[in-house]
Amino acid sequence: MSGCSSSDLDEELPVFDFLQPSQRCSQISPTESDKAARTKQGAADVMTISSDSDDDYAPLAQRLKSNSDPSAVSNGKIPDCGSFFSRSSQNGIIVTEHAPGVRQEEPQSLETSPARRKLTKRTREEIQTSREEALRRRQEKEEQEKQKAEKRAVAEAAKALRPDECIKHMVVAVDPALLQLEGGGALLASLQALGCSCAIEKQPLPRSVSWARRAPPTQSSSGASVPESQVVMQMTVEDFITLTHNFIQQEQKAGRSDSAPSLTTWVQQQQRRQPSKTLSLAVIELEKYFRSQKAVNQKKFKEAVRGEATAGGGRGAKERRKKGGAEALPEVSRVQVEEAVVQLQLHSGISVHFLPSWKEFADYIAMTTKAVAEAPFKREREKTGFSFYLESEWAGGHRVDRGGRGLLQVWKRQIQQFNRVSPDMAAAILAAYPSPQLLLQAYAQCHTESERMSLLSDLLIRRGEGVTSTTRRVGPELSKRIFLAMHSPDPEQTLDSSL
């Protein structure tokens, strides 16, 4: 038995199971007596391996020999384990010597084992692949989250266009000069009752109201407001009457240009300031001006009749200057106002709204706000696959359930789509042929073309009930049209052609 160095004495030897599956060898470990024996030997490189109990210990060689020679273990002893293998240390490497005729495989070291080499090779080769796979999975996850966010944004945008939700996303911008007038408070109260947002900010056009739609917030944007094209501008009666009077003066001068702007030229100047906006004018309490003008004219007429025009002229002028109302404005008739408005609409394309009071102006702004909010939803609803849309009772669709109920009415309405076909005529054809398939079978039983065309001619049409009921026939014209519609291969066939 070869010895081992003292440096390896404290190393714990690995456990090798050399026995058959039915046998188990106890763990080989040095006992206290072995450690004492090693201490006495000192420099000796001999190490005795035994189990914890010397009484129960049997060398492995004797056990293996007992398998081939049963008589060898009759006395219960097994040859010494030292004749089976020995371990020695050479240059720091443990060398195992086996008994002759016994094959023992030494477990390879962790550094040189194929599993270690395979593990090292796999890690080096797959480290980049694993990183790319992780990056790909991360990108796929981000892409899925992005798609979900986009779908969520589209759903939120579609929800924001619905009539019950769109008003909440509207922002009404009101010029501060408009709130300083008489109806500013009523305007704000009307907008707050509507449920939209209100912003008081300086507008490019004085005393105007504009609209903006607040987009739903997404990951890329924070819900910025998109301005709408509609703008309503409040125009005072004094400005409107003055500009209308200037227009009348220019018309009386045969179109000669004047330094004073007319109603049309003034509005065109405002449009050039904001070319992307659709401008509308609102004139409040114009009727009060006409009533004042009527009262002034009646007063002048009475003064002229009484002969007091000259004597009371100074007092009347003083009263007009004190009032400073409609009497100080130039006189314009209703007809002249209509002419100026028509001229304005023809040259600028804007609309003018005459409102009797500030309450009606506030209601008009609220109505316009609701119309602007619902405009995108209505435009999307009008986008259909056809250039026409039939929704009448006789030509509209009819619901058919899974059991087939409703097919009879569908066939009747198909017949009614022919020109000059009344419900009574369709009911007569329906009574004879309750389905298109039955009518096609009847056409197939005819022998000639003319017989097919006149198949429906003799069907009776009953009108009314009782003694007042009348009857007539379908006639050859409708019979031919129905036959051509069901058999003609030409899509351009004219059904109303002459017989």
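Guide: Covering the buried residues of α14 are, among others, α13 (407-416), β9 (460-463), β10 (470-473) and α17 (476-487). Keep in mind that this is a predicted model, where local features need pLDDT of at least 70, side-chain atom pairs count only at pLDDT 80 or more, and totals for chains, interfaces and linings use all residues. Residues are numbered from 1 along each chain as its sequence is written, and side-chain values use heavy atoms, with hydrogens and water left out.

Visitor: What makes something a helix or a strand here, and how many of them are in the chain?
Guide: Both are DSSP runs numbered from the N terminus: H or I for helices, with at least four residues, and E for strands, with at least two. By that rule the chain has 17 helices and 10 strands.

Visitor: Which residues of α14 are buried?
Guide: α14 spans residues 423-432, and M425, A426, A428, I429 and L430 are the buried ones. Buried means under 20% relative accessible area, exposed means over 50%, and partly exposed is in between (1.4 Å probe, protein chains only). Across the chain's 499 residues, 30% count as buried.

Visitor: And which residues of α13 are buried?
Guide: Those are W411, K412, R413, I415 and Q416. They pack against α14, α15 (436-445) and α17.

Visitor: Why is α13 called oblique to α14?
Guide: The two helices pack at an angle of about 125°, and their axes are 9 Å apart. Angles under 35 degrees are roughly parallel, over 145 roughly antiparallel, 65 to 115 roughly perpendicular, and the rest oblique. About 125° belongs to the rest, so α13 is oblique to α14. The axes themselves are lines fitted to C-alpha atoms, for helices over the stretch in contact, and angles run from 0 to 180 degrees between N-to-C directions.

Visitor: Which residues make that contact?
Guide: From α13 you have L408, W411, K412, I415 and Q416, and from α14 you have P423, A426, I429 and L430. Contact means heavy atoms within 4.5 Å.

Visitor: How do you know that E133 and R136 form a salt bridge?
Guide: The label asks for a side-chain nitrogen of Lys or Arg within 4 Å of a carboxyl oxygen of Asp or Glu. For E133 and R136 the closest N and O atoms are 2.1 Å apart, so the pair qualifies. They sit three residues apart in helix α3 (residues 114-160), which means about one helical turn separates them.

Visitor: Is E133 buried, exposed or partly exposed, and what about R136?
Guide: E133 has 29% relative accessibility, so it counts as partly exposed. R136, at 37%, counts as partly exposed too.

Visitor: What makes R136 and E140 a salt bridge?
Guide: Their closest N and O atoms are 2.5 Å apart, and that passes the test because it is within 4 Å. R136 and E140 are four residues apart in α3, so about one helical turn lies between them.

Visitor: How far apart are D401 and R405 in their salt bridge?
Guide: Their side chains meet at 2.8 Å, N to O. D401 counts as partly exposed because its relative accessibility is 29%, while R405, at 62%, counts as exposed. Elsewhere, salt bridges that share partners join E133, R136, R137 and E140 into one network.

Visitor: How many salt bridges does the whole structure have?
Guide: A search of the whole structure finds 13.
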